[in-house]
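Hello,

Here is the structure I promised to pass on. Have a look at it first, and then read my notes below.

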Amino acid sequence: MDMRRALVLLPLCFRLIAGPEPELWPRASYDPRIPDFRKVLGYHPGERITWHANILKYLEALAAAEPKRMRIFDYGKTWEGRRLIYAVIGSEANIARLPRIKAAMQRLADPRNTPESEARKIMAGLPALIWLAYGVHGNEISSAEAAMYTAYHLLASRDKAVAGILSNVVVLLDPQQNPDGRDRFVHNFEIAEGIEPNASPAAAEHNEPWPGGRTNHYYFDLNRDWFALTQPETRGRVKVMQEWFPLVMVDLHEMSSDSTYYFAPEADPFNPHLTRDQRESLSWFGRNNARWFDRLGFTYFTREVYDAFFPGYGASWPAYYGAIAMTYENASARGLVMRRRDNSIFSFRDTVRRHFIASISTAETAAANREKLLENFYKYRQSAIQEGGTESVREYILPRRGNVSAVDKLAATLLEQGVEIKVAGGPFRAGDKEVPAGSYVIPLAQPAKRLIRTLLDPNVPMDEAFVKEQERRRRIRLPSEIYDVTAWSLPMLYNIELIAGSGPLPANLTPLTREALPGGRVAPGDASVAYLVPWGTSAAARFLTAALRRRDLPVYSSDREFTQNGRRYPRGTLILPSAENPGGLSAAVPELARASGAEVHTTDTGWVEEGVNFGSRHVFRVTAPAVAIAWDRPTSAYSAGHTRFVLERQFNYPATVVRTRMLASSDLARFQTIILPEGNSSEYFTTLGADGVRRLKDWVSSGGTLVAIGSAVSFLADARVALLAVQAESLARPPEPGKPAEPAKPPAAVPAAQPTDAPKPARAPGRIFATREDYEKAIRADTEPPDAARGVLVKAALDQDHWLTAGAGDSVYALANGSLIFTPIKLDKGINAGLYAAPGQLVASGYLWEENRKQLAHKPFLLIQNEGRGQVIGFTADPNFRAYMDGLGILFLNAVFRGPAHSRPAP
């Protein structure tokens, strides 16, 4: 912002919001040597919303003023190049011995090497480490300001209580977890400001344009990424937390403006892999927060809304290494001042104060419970080892077959989270299954046992009483209290095999390290005819995109499998003929294999023992398509961002993001593939208009490949668009046993009033309800959508005769999330290339309403319809959801890259 404008606004903000500078902490006295907000930033806390660069500036000023009590460490950079840092604050004595404290926590973390007697000696002189994390959602603005003031208070306060806290606690403070989203919000806010802050919820300064500031650069909700580790912000935090093992982790958020303040204990359901000690410890912090909030007149709530079931939250994942992890939620001003529905007005400063008070209260509670927190952490790790060695499942095995690069990626992801993994030096037998050499064995007798079970178990059940209550609420049309997805089993997300074993383990196991993970290679042999890359692995897909970006390499793909020299090559296998590029292939292919991790074979003949030859009509040239992704409204920012991320970062292929309205006027002929992410169907039509829809249809008919994801399928199925011959279904109500289904009845006719009659109210025909069930049927809507599925992993079978499913296996797992269920496409219109399984085999993990289970069965997950020279492909569930769905990557790549290879553009 222009400095002159800032100088004009600041006095106005100050008078309107605060008047004389109020105290944020009761009767606080501060050391004037420690720089306050105004001295460094030119304003008081809560007067302005601070840019990320100024957050760093202020914390660095504090560290410079008190280098013996505060240190700053970097833990990474965002996609947009902003620094990710955390500050460590403690007493002079504790800051001076930080390396020893870190080493001591590492020793406590492994009871196998640290017996209990030694652990007690370590704990006797060890402070409790707490991690306070602020602003994982960039538009939840009060937390970063509270972080800065928390640091200031801990360093500058003359209160003896603060000195007592810092003698028992070391505070690790992450001031801004999502700098890219934060600065996006601040930019949008400042360009919408007027001459004074506006309290109206309708004011532009409170309402962000697409995509908003909640998410990071690729529009990921970073508070769902903790176990998936797709984003640099998350990977950096997870790495640092395993260096320090903070005993307490608090993730400070904001919620709706009409709320109050939330802190632990969490709501039901709790994850069953959390321990009783962890659940009971939540009340320590809740009670002390309540004491401070009561004293200051702040209202709050607990045990509602925010649960501890899903492990992808910042307030969940640390619990599985043994921490006490909590969410704090603050009513958001989404600006400098906000009016609630009851016409009360609160300020940004008010919200900063609440988060600040809760932060100090948390540190106070940790200090008071230092010994118990350390003891519980050690016991958590100790009991995990004991349970892992005695429960029915003693190890999990990831056989290295099928999509081996997905198997390797899962092993690497687990390694990053502190899981110990071993590699089998030879083949072995696990129960009735043969396991190949190089497979991964994960013993459960290790400190990370509960994390392993949480992430790998085929299903983590919710509490039965909670589920029963959700069914009751559903019957009377109250909203579900399930907060996020109910399924996340990583082997299913990756679509790879998992074996639960009970020992004994094979003898030839060696520890896996990141450096020992297999890489790509070219098998020895004569490549005088071609190089072959078996399709069906993520690494093969990366090889394809890298080869296409070179643009000078000939790449073909076979729609049929073949066998050569005794080896079976699956559908989709890539063929790079040497004759078409004799000089470049021998140097390029090994380089591409190493970079992608792909397995490449050589051949000196085009002869095959079975299947198609390289010159078959079932072998197609694959060229580099220009890919466009619909961007901005009406697309879901999540879906659009995740789609772009998968293409750009997982498969290293550039895409052009085109604002959706521009599809109506741009030269679409420059693109071979256009992707429509999830988005509101009617808004898609409104945004494009009838002329834009016509242009899109003409482009498909001329040879384009149009890929629709999730709710975008509804747009293409709209009768005004007619690019997919399917329909979204309403809720199916099966007839009662022994009774035919009742047809929908038209409204009863109302007799016409005679001209001389006075107007009379219309009456419905009388009915008698013999039972409560009769009443409940009578009040049901005539038609309504199916109840929304809450993130359930369901199985879908794939058509093995269609090129779209090449390399993806016989079946995949998709994430059913929402209420959309589509009719199958008829044979004369297209192909249902992926169908959800029968009711009894449908649900693989999670909880699905019974009506959905019956209705979703045998409905399409993946469909394709030819249109002129091009084709339209629909994924009824998002294959890129949060970039979790590695097992669907091959299908998505088939649509994007092999789709144009099967189009017939005009010459």
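Let me start with how the chain holds together: of its contacts with a separation of 6 or more, 79% are between residues 24 or more positions apart, a contact being heavy atoms within 4.5 Å.

A word on the source: this is a predicted model, where local features need pLDDT of at least 70, side-chain atom pairs count only at pLDDT 80 or more, and totals for chains, interfaces and linings use all residues. Residues are numbered from 1 along each chain as its sequence is written, and side-chain values use heavy atoms, leaving out hydrogens and water.

The chain contains 26 helices and 37 strands (DSSP runs numbered from the N terminus: H or I of at least four residues for helices, E of at least two for strands). Of its 907 residues, 59% are buried, meaning under 20% relative accessible area with a 1.4 Å probe, protein chains only. The C-alpha trace spans about 100 × 85 × 65 Å along its principal axes.

What does β28 pair with? Four bridges join β28 to β29 (residues 656-659), and the two run parallel; pairing requires at least two DSSP bridges between two strands. Here Ala630 has Val658 as its bridge partner. β28 also pairs with β30 (residues 673-676), in the parallel sense over three bridges, with Ile629 opposite Ile675.

Best wishes

Key: Buried means under 20% relative accessible area, exposed over 50%, partly exposed in between (1.4 Å probe, protein chains only).
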